[in-house]
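Please open the model in a viewer and keep the selection panel at hand.

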Amino acid sequence: MALSSKTSLRERGFLDGQLLIAMPGMADGNFARSVVYICAHSDAGAMGFIINRAQSVTFADLLLHLELIDRNDAIMLPDHARHFPIQCGGPVEQNRGFVLHSDDYLSDSSIPVSDDISLTATLDIVRAISDGRGPRHATMLLGYAGWGPGQLEEEIAQNGWLHCAATESLIFDRSLDNKYDRALALMGINPAMLSMEAGHA
């Protein structure tokens with residue numbers, strides 16, 4: 001399911017702006033111990049981004065690949081651009097980049113996801129970030145997670161996922177290693193207890 005610029009606040013599905021947290025028994029290896037931020041959910045399906053999986057590509061690599069800078073410029077990139085986070089957003093279209101960001105940056109192609117968070121998938125935001133004109137909080141994701149009509153609801157019904165309201169601090173936190181545990185903590189769940197409960201029939 002693609003996120004449309006026609007998506008309005010009134011049309012949000014009940015999982016829009018929610019976090020999905022994979023249960024320990026998640027069968028799909030693409031989503032083991034994953035935390036997914038859902039950007040669009042409707043009868044047509046759902047689309048979101050894994051927010052706790054590192055990506056080996058750097059922002060400088062990306063700028064070079066897109067030919068927005070040359071190798072000499074890459075060496076001179078300011079710290080904010082050199083350390084800008086790029087993550088693996090999901091198994092679908094992994095060569096396509098998306099920027100999830102705070103709503104203090106908006107372009108004609110930006111799509112509101114929640115009251116505070118927007119999504120932009122065009123080069124204008126990449127240029128803005130490299131020039132220091134980007135949003136206050138942002139992360140770039142390569143690829144996304146997608147579900148067909150009714151698929152995600154079925155996975156939730158089969159105890160594949162927990163879900164809870166997202167927090168901006170968790171979405172944009174650059175510490176990925178314990179983000180899964182911290183997402184569970186938002187629900188008051190101890191990861192060790194969840195693992196034990198998942199082992200019982």
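**Strand pairing**

Begin with strands β5 and β8, which run antiparallel and are joined by 6 bridges. Helices (H or I, at least four residues) and strands (E, at least two) are DSSP runs, numbered from the N terminus; two strands pair if DSSP finds at least two bridges between them. This is a predicted model, in which local features need pLDDT of at least 70 and side-chain atom pairs count only at pLDDT 80 or more, while totals for chains, interfaces and linings use all residues. Residues are numbered from 1 along each chain as its sequence is written, and side-chain values use heavy atoms, with hydrogens and water left out.

Select H101: its bridge partner in β8 is A138. Next, display β7, which pairs with β5 in the antiparallel sense over 4 bridges. There, T120 of β7 stands opposite V99.

Remain in β5 and select E93, which is located in that strand. Its phi is near 50°, a positive value in a residue other than glycine. E93 counts as partly exposed because its relative accessibility is 37%; buried means under 20% relative accessible area, exposed over 50%, and partly exposed in between (1.4 Å probe, protein chains only).

**The nonpolar cores**

Now select Y37, F49 and L100, the residues with the most contacts inside the largest nonpolar core, which has 25 residues. Such a core is a set of buried Ala, Val, Leu, Ile, Met, Phe, Trp, Tyr and Cys residues joined through side-chain atoms within 4.5 Å. Another core, of 19 residues, lies apart from it and includes A81, I86, I125 and M140.

Return to F49. Leaving aside neighbours within four places in sequence, F49 is in contact (heavy atoms within 4.5 Å) with residues including V35, V36, Y37, F98 and L141.

**Helix α4**

Select residues 123-130, helix α4, where I125, V126, A128, I129 and S130 are buried. What covers these buried residues? The cover includes α1 (59-65), α3 (79-82), β5 (92-102), β7 (117-120) and β8 (138-147). Just after α4, G132 takes a positive phi of about 80°.

Select H41 in strand β2 (residues 35-42). H41 counts as buried because its relative accessibility is 5%. Its side chain makes a polar contact with the side chain of E153 (2.8 Å). A polar contact is a pair of N or O atoms within 3.5 Å; within protein, one must be able to donate a hydrogen and the other to accept it, and residues adjacent in sequence count only if both atoms are side-chain atoms.

Finally, select R33, in the loop between β1 (18-22) and β2. R33 has a positive phi of about 50° although it is not a glycine.
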